[in-house]
Amino acid sequence: MKRVWKLPGKLRQRIGNKDNVKKLDLNAVPTNLTCLTYGFSGSGKTHFASTWPKPRFLSDAFEKGWETTRNMDRTKFFDPTVMPEIIPIETPKDMMEAISETGKEVIGKSKDAPQTLIIDSLTFYADAFFEAVVKAQGAKVDTRGAYGDLLSHIRRLVLSTHALPINIVWLALAKAPEDGVSGIMLAGKSADKIPALCQYWLHARAFHNGKATQHEIRTRPFGQFPARCRDGGTLPEVLPEPTYKSFISELTKQPVVATK
């Protein structure tokens, strides 16, 4: 007899009840963006991320990218009265525990829950995870297997955080161009696959105009540096001195103000 696979009873009831079907309103202003911003050191990645609503940074404890946030002009924050929260990350275990705790706060609607979770940076975290996998292998190192474990882990990490109803911002270093193309600095195939899981893949850039250092974000490919946005062509190619407010204003064509 041919077996027919059936949905579990409770799931069949939910699907059968149209009131429980979740619908996506494509005309609504987005409230949980997923964004990967990459660039060389000093390109303004952390500065840009600090301007998002009620941000919580999971920051590499050794790189100390939070020093940028500490010295920022507070008027650049989404709400000048709300300082970004910094959680130092030393090990992959620290990262997983911080993400788990954040998820509990968000789902539980805690007053301390962030509106934006920032991983600063994916490059440093991936290096730490890869080193931990290799170390656990002992004397017989399987590099190819370690790369596979890294890709699987990072993919699960991205998908699990993106399931949270808040903004998720990933920061990563840019790699030196190879064969005329740059990209995010990640080991193995992760660098090619992780950007596809984000709505916005932005390239942060710093340059000197003869008087001062200026920062910009590129939303489209720029020379050797790829970028891609699922915005239907709404965003301009260049966002000068970018902040969340300028980014979302260009995206929605409406002014944005801080709300408590």
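1. Let's start with Glu216 and Arg218: both are buried (buried is under 20% relative accessible area, exposed is over 50%, and partly exposed is in between, with a 1.4 Å probe and protein chains only). Their side chains meet in a salt bridge, 3.0 Å from N to O; the term means a side-chain nitrogen of Lys or Arg within 4 Å of a carboxyl oxygen of Asp or Glu. For Glu216 the relative accessible area is 8%.

2. Before going further, keep in mind that this is a predicted model, where local features need pLDDT of at least 70, side-chain atom pairs count only at pLDDT 80 or more, and totals for chains, interfaces and linings use all residues. Residues are numbered from 1 along each chain as its sequence is written, and side-chain values use heavy atoms, with hydrogens and water left out.

3. Glu216 has another partner: the side chain of Arg205 forms a salt bridge with Glu216 at 2.8 Å, N to O. This pair links distant parts of the chain, with Arg205 in strand 6 (residues 200-208) and Glu216 in strand 7 (residues 213-218), eleven residues apart. Helices (H or I, at least four residues) and strands (E, at least two) are DSSP runs, numbered from the N terminus. Arg205 is partly exposed, at 25% relative accessible area.

4. The structure has eight salt bridges. One of them joins Asp112 to Lys111, with the closest N and O atoms 3.4 Å apart. Here Lys111 is exposed at 69%, while Asp112 is partly exposed at 43%.

5. On to the cysteines: there are zero disulfides, a disulfide being a pair of cysteine sulfur atoms within 2.5 Å. Cys229 is in no disulfide either, and its nearest cysteine sulfur, in Cys35, is 7.5 Å away. Cys35 is buried at 0% relative accessibility, and Cys229 is buried at 11%.

6. On the surface, Arg144, Arg155, Lys189 and Lys193 gather in a patch of positive charge. Patches take residues with over 30% relative accessible area and no salt bridge, joining like charges within 9 Å and nonpolar side chains (Val, Leu, Ile, Met, Phe, Trp, Tyr) within 5 Å. Lys193 lies in helix 7 (residues 190-193) and is partly exposed, at 46%.

7. Last one: Glu67 sits in helix 3 (residues 66-70) and is partly exposed, at 31%.

Definitions and conventions
Accessible areas come from the Shrake-Rupley method with a 1.4 Å probe; for residues, only the protein chains shown count as cover. Lys and Arg count as positive and Asp and Glu as negative; His and the chain ends are not counted. The place of a charge is taken as NZ of Lys, CZ of Arg, CG of Asp or CD of Glu.
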